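Hi,

Here is the structure I promised to pass on. Have a look at it first, and then read my notes below.

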Amino acid sequence: MKNYLFSVEGMTCGGCASKVEKALKAQSSTCSVSVDLAQKLVEIKDIDKTAMEIKSAIENSGFKVTSFKGL
Amino acid sequence: MSLKKTVGIKGMTCAACANIIESQLSKIDHVEQVNVSFATEQATIQSDLEMSDAQINEHLNKLGYSIRPIGSASREDLSFLNQHKLILALFVSLFLMIFHMSPLGHYIGHKSNQWVQMILASVVMAFSGRTFIKGFWQFLLTGKSTMNTLVGLGIISAYIHGFIVILSNSNDPIYFEAAAMIVALILFGKWLEEKAKRNVNSELQALMDISASTAMLFNQENELIEVDARSIEVGQKVQVRTGERASVDGTIVKGQVLVDSSAINGEAMPTSLKEGDQLLAGMLVLEGIAVSVATKDGKSSELQKALDIILSSQSSRPKIQVLCDQISNVFVPIVIVISSLTFIYWFFVSDIGSLSLAVNNAISVLVIACPCALGLATPTAVMVGSSVLAQRGLWCTDTSAMERAEKITDVVFDKTGTLSQGKPQVSIYKKLANNHSTDAMAYSMASFSNHPLSISIAKSFTQSKLSFLDLESFEEISGKGIIATYEGEKWYLGSLKFMQDNGFDISMVPDSESTIVAIASKNVIEGLFTIEDPIKENAKELISYLHSKGKTLHLVSGDRQIVVDRFADRLNISHRSGDVLPTDKARYIQDLEKKGKKVLMIGDGLNDAAAMSQATLSMAMDEGIDAAKAVGHVIIKGADLHRIVLFFEMAKKIMSGIRSNLFLSFIFNVVGIPLAAGLFYHWLKFFLPPNYASIAMGSSSLSVLLNALRLKHSLKQIH
């Protein structure tokens, strides 16, 4: 299990945030996701996926990942 | 704003009809331009206000025509009634011939025989010959003449002449049988013509047939229902299975299919499509099942746009036809004058003349004259041509393109996306330091980014079976490069400028005309990628083909001069120019044209639009993403350069097809009319009977159509 902080562009409202959250939960149901719209940050905890898999999950839901780091 | 609309038209009998409709529809308010094609039986109307079918139909009805759905082709034209007209005319005419020739004539007596013939002729005239009489009547009312006017005038003259002979108790021969026979033979000729026309039309039909009419749609309850493909809206889900054609453009969301897309882009090999791939309308599913989400509504798929382009181009005319139209406009009145002169000569002037001979010859002239063949000559060849071209992935937006292709002296190429693939590829990868994780780092970092250069780097490693490294952090600095951390180490992937900005020493990197991307860590440049845009597969073939045809070639590009020079050298293009802005490209072509050159501009569409509009002929590369964006006279699907060779070869054939068709139709009239008028009597001792004239007239249209079919066959041989 790992923790990440992703910078995601294109999220403008709560709808977008929940879309990202849904996409990530679909990848790994046990993870916890919190979105900071103002900072364009998505914090993901306790996920058993690689950064690449997380990135493509977010991008497939229509947003762009500009950076990430492990926590 | 100007709106274009293409409608099918029912009731046209010859090219003159097309001219009449064209001139009358042009007079309607808001209508800017009208093109009517007799061969396709379609009209393209350009107006600044939307016109409904009903409105157009109303105008057409006034002229004696009506609207019919496009794509129903001329199937209905061979309706029950028409065939019955033909059968009745043939049957009664044969019966009439028996009375006319003997033996029945002697059996019932001369006078009764004449009356029987008149009654039989009346039946044919009233039922089968109505269209011709209507044509004559229309001429009296409006002064507009068509082929039907000539035939109508012919049969009415024959009929009235016979009537006068009977009433005046004279012993002159009568021509009731000719009147009936002409109707029968011309209807027979029309029937054959209709059949041949449909065969010519079948190319277009083949294109129309691939646009599936229904689709399997998931409704709101997630049940599959069959709906009209045109009613599908963006975002709706449809399903396609083995053996079906996709009906809308969409993205696959579930499933995997093997498709035959040859109808859309001419791609001969079956392609495998999976989730996320584009499934376009008209693609045939060979294997598998897929669910796709419509990205365009049912009416605006790529295929539909292609059909629109081809349909409207078929109503546009090559210059060669303009002359032809002018001739056929005055053709009918001139024939009537010649026929009158013939009558006058054989009745009043000639020593051997008589009323019956004068009527015989005058009618023959009317009947043999054939504006039909003249009218069909160009459109049939163009129709066959543009349809075969379309099947080979060459969409003509303007049929004059084939004509222009002959005159081209210079060819100007754009570079990126036209002669080169427009997709960068790593040509050289050089490792500078001996760090074993460099390859895996470059692969992992590049895979994270969507930048074209990153994609090309990631692609270059796909063969080497590297696994992704679980990066600890990743950051993309737009337009510059990527920074990532792995096992506590910071890695950089990006341009040389990016390396310099981050404090790396790049002095040992040699100057290059290609794009260089570096990978670095721990203050050392670890490796260098040389990235180039490779030359397209068929570029060399095209260039040597054009050289062999004596064309002067130019490469004009916005890329740096050094890049353009090297590229031009590899392809053996002598005139080259780099650092050219789009507007300067247009000027480059303008200068060439000013020197009397005829320029073909080949570009990738959008950013070459200005230059293309300046050139005599333009071709746009289209990767099959959006045809509407492409400008130019010809759209090259799949951006395949071999198709340009095909185009030149086919255009040559099509033009010679048009010329031989025109020759055929002219020669028929040039020989036929004087022959019917009795001009050669002195040498031949022979007058052409009216019913023979009607056979000759039918065969002229037929020969033109057969010639078009021959063209279709020979075009299909070109590969």
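What do the buried residues of H16(B) pack against? I'll get there, but first some ground rules. This is a predicted model, so to speak of local features we need pLDDT of at least 70, side-chain atom pairs count only at pLDDT 80 or more, and totals for chains, interfaces and linings use all residues. Residues are numbered from 1 along each chain as its sequence is written, while chains are lettered from A and ligands numbered from 1 in the order in which they are written.

Now to that question. Helix H16 of chain B covers residues 438–447 (helices are DSSP runs of H or I with at least four residues, strands are runs of E with at least two, and both are numbered from the N terminus). Seven of the 10 residues in H16(B) are buried (a residue is buried if 20 or more other C-beta atoms lie within 10 Å of its own, exposed if 12 or fewer, and partly exposed in between, with C-beta atoms placed from the backbone). The buried ones are Met441(B), Ala442(B), Tyr443(B), Ser444(B), Met445(B), Ala446(B) and Ser447(B). They pack against H2 of chain A, and also against H17, E16, E17, E18 and E19 of chain B. In this packing, contact has a set meaning: two residues are in contact if their C-beta atoms, placed from the backbone, lie within 7 Å.

**The two chains**

Chain A has 71 residues, and 25% of them count as buried. It holds two helices and four strands, which run β-α-β-β-α-β from the N terminus on. Chain B has 719 residues, with 47% of them buried, and it contains 25 helices and 24 strands.

Where they meet, nine residues of chain A are in contact with 10 residues of chain B. On the chain A side, helix H2 (51–60) and strand E4 (64–70) each supply at least two residues. E4(A) gives the most, with five residues. Sorted by class, that side has three nonpolar, four polar and two charged residues (Ala, Val, Leu, Ile, Met, Phe, Trp, Tyr, Cys and Pro count as nonpolar, Asp, Glu, Lys and Arg as charged, and the others, Gly among them, as polar).

An open sheet of 10 strands runs in the order E2(A)-E3(A)-E1(A)-E4(A)-E15(B)-E16(B)-E17(B)-E18(B)-E19(B)-E14(B), with antiparallel pairing (two strands pair if DSSP finds at least two bridges between them). The edge strands are E2 (32–36) of chain A and E14 (425–431) of chain B, each pairing on one side only. From one strand to the next, the twist averages 20° (angles run from 0 to 180 degrees between N-to-C directions, and axes are lines fitted to C-alpha atoms, for helices over the stretch in contact).

Where does chain A join chain B in this sheet? E4(A) pairs with E15(B), residues 473–477, over three antiparallel bridges. Phe68(A) has Phe474(B) as its bridge partner there. Phe474(B) also stands opposite Ala484(B) in E16(B). E15(B) and E16(B) are joined by five antiparallel bridges, and they form a hairpin with three residues between them, where Gly479(B) in the turn has a positive phi of about 80°. E15(B) has a covered face, Phe474(B) and Glu476(B), and an uncovered one made of Ser473(B), Glu475(B) and Ile477(B).

**Elsewhere in chain B**

Strand E11(B), residues 284–294, pairs antiparallel with E7(B) over five bridges. It also pairs antiparallel with E8(B), over 10 bridges.

Last, a helix pair: H12(B) (355–368) and H23(B) (642–677) pack at an angle of about 165°, with their axes 7 Å apart.

Happy browsing!
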